[in-house]
Amino acid sequence: MSNVVTISEAAALQIKDMMVQNNEEGAYFRVAVNGGGCSGLSYGLAFDHEVKDGDDQSEQYGIKILVDKESAPILTGTKIDYKQSMLGGGFTIDNPNAIVSCGCGSSFKTATKAGTPEKC
């Protein structure tokens with residue numbers, strides 16, 4: 001089975017740094033879809049210590065990644081990268097299933113899932 005979510009090496013290095021800074025070494029990196037945001041759905045990135053029933057599990061660059069079964073169809077093919085610029089750095093999420101994204105890039109909707117849009 002292929003990975004639901006793919007992370008770049010730059011994203012993995014940043015995740016590892018964040019794990020160290022937050023005393024979360026050995027945690028899973030959970031990627032999820034939540035309701036809300038100006039387009040209806042938003043991404044959730046968090047550290048987790050528990051694998052839940054139905055979670056898709058993968059490991060890339062030493063990072064153990066979890067995606068819950070409800071989020072997996074919406075996130076299939078998603079690529080997460082980390083970009084550094086003069087203004088700082090941040091994760092970028094490229095989701096081929098998103099048909100509408102808001103200007104901030106953290107909210108979206110798909111052809112089959114609209115979520116619950118909120119004001120920006």
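## Overall architecture

The chain contains two helices and nine strands, where helices (H or I, at least four residues) and strands (E, at least two) are DSSP runs numbered from the N terminus. Read from the N terminus, the order of elements is β-α-β-β-β-β-α-β-β-β-β. This is a predicted model, in which local features need pLDDT of at least 70 and side-chain atom pairs count only at pLDDT 80 or more, while totals for chains, interfaces and linings use all residues. Residues are numbered from 1 along each chain as its sequence is written, and side-chain values use heavy atoms, with hydrogens and water left out.

Of the 120 residues in the chain, 37% are buried; buried means under 20% relative accessible area, exposed over 50%, and partly exposed in between (1.4 Å probe, protein chains only). The chain exposes about 7,000 Å², of which carbon and sulfur atoms supply 50%; accessible areas come from the Shrake-Rupley method with a 1.4 Å probe, and for residues only the protein chains shown count as cover. Among contacts (heavy atoms within 4.5 Å) between residues at least 6 apart in sequence, 57% join residues at least 24 apart.

## The nonpolar core

In soluble globular proteins, nonpolar side chains tend to be buried together. A nonpolar core is here a set of buried Ala, Val, Leu, Ile, Met, Phe, Trp, Tyr and Cys residues joined through side-chain atoms within 4.5 Å. The largest such core has 21 residues, and those with the most contacts inside it are Val5, Ile7, Val31, Ile63, Val67, Leu75 and Ile80. At least two core residues come from each of strand S1 (5-7), helix H1 (9-21), S2, S3, strand S5 (63-67), helix H2 (72-75) and strand S6 (78-85). Helix H1 provides the largest share, four residues.

Valine 67, one of the residues with the most contacts inside the core, touches Val4, Val5, Arg30, Val31, Gly54, Asp55, Asp56, Ala72 and Leu75, not counting residues up to four places away in sequence.

Glutamine 60 is found in strand S4 (residues 56-60) and counts as buried because its relative accessibility is 8%. Its side chain is joined to that of serine 58 by a polar contact of 3.4 Å. A polar contact is a pair of N or O atoms within 3.5 Å; within protein, one must be able to donate a hydrogen and the other to accept it, and residues adjacent in sequence count only if both atoms are side-chain atoms. Leaving aside neighbours within four places in sequence, glutamine 60 is in contact with Asn3, Val5, Thr6, Ile7 and Ile65.

Aspartate 56 also lies in strand S4 and is buried, with a relative accessible area of 11%. Its C-alpha atom is separated by 5.6 Å from that of leucine 66, ten residues apart along the chain.

## Aromatic rings

The whole structure holds two aromatic pairs. Rings of Phe, Tyr and Trp (its six-membered ring) pair if their centres lie within 6.5 Å; planes under 30 degrees apart count as stacked, over 60 as edge-to-face and the rest as tilted. Phenylalanine 29 and phenylalanine 47 form a tilted pair, 6.5 Å centre to centre with 55 degrees between the planes. This pair links distant parts of the chain, 18 residues apart: phenylalanine 29 in strand S2 (residues 28-35) and phenylalanine 47 in strand S3 (residues 41-48). Phenylalanine 29 is buried at 4% relative accessibility, whereas phenylalanine 47 is partly exposed at 24%.

Tyrosine 82 and phenylalanine 91 form an edge-to-face pair, 5.2 Å centre to centre with 75 degrees between the planes. Tyrosine 82 is buried, with a relative accessible area of 15%, and phenylalanine 91 is partly exposed at 26%.
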